Amino acid sequence: MDDASVRRFLRARAMDVKEAAKMVADDVAWRADVVPSRGYVLETEIESELNVEKAYLQGVSKGGHPIILVLAHRHFPNKRHPLHFKRK
């Protein structure tokens, strides 16, 4: 974890090291559970969002990272179970 991230967690917990450490541990656990291990989402994993024109793939950034445009007003989370969005 870089210095900027450590500072962000410390500021979020009023410089309380124990609370910030707990927050970091919770963040790491959340990322392990939700964020794809390969670091990105495949087009096939968001096919339904692309089909209803909720999201558009816009190519790649200068760094080679995929760019996706999401139209939030077309997202209705109550129409899907939360586990649908969880990493597989």
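Helix α2 covers residues 17-34, and its 18 residues should span 26 Å at 1.5 Å a residue. The end C-alpha atoms of α2 lie 25 Å apart, which agrees. The expected span is 1.5 Å times one less than the number of residues. Helices (H or I, at least four residues) are DSSP runs numbered from the N terminus. The model is predicted: local features need pLDDT of at least 70, side-chain atom pairs count only at pLDDT 80 or more, and totals for chains, interfaces and linings use all residues. Residues are numbered from 1 along each chain as its sequence is written, and side-chain values use heavy atoms, with hydrogens and water left out.

At the start of α2, a side-chain oxygen of D16 comes within 3.1 Å of the backbone nitrogen of K18.

Two salt bridges are counted. The term requires a side-chain nitrogen of Lys or Arg within 4 Å of a carboxyl oxygen of Asp or Glu. One joins K22 and D26, at 3.0 Å from N to O. These residues are four apart in α2, so about one helical turn separates K22 from D26. K22 is partly exposed, at 47% relative accessibility. D26 is also partly exposed, at 42%. Accessibility classes are buried (under 20% relative accessible area), exposed (over 50%) and partly exposed in between, with a 1.4 Å probe and protein chains only.

A salt bridge also links R31 and D27, at 3.1 Å from N to O. R31 and D27 are likewise four residues apart in α2, about one helical turn. R31 is partly exposed at 43%, whereas D27 is buried at 19%.

Terms used. Helices (H or I, at least four residues) and strands (E, at least two) are DSSP runs, numbered from the N terminus. A polar contact is a pair of N or O atoms within 3.5 Å; within protein, one must be able to donate a hydrogen and the other to accept it, and residues adjacent in sequence count only if both atoms are side-chain atoms.
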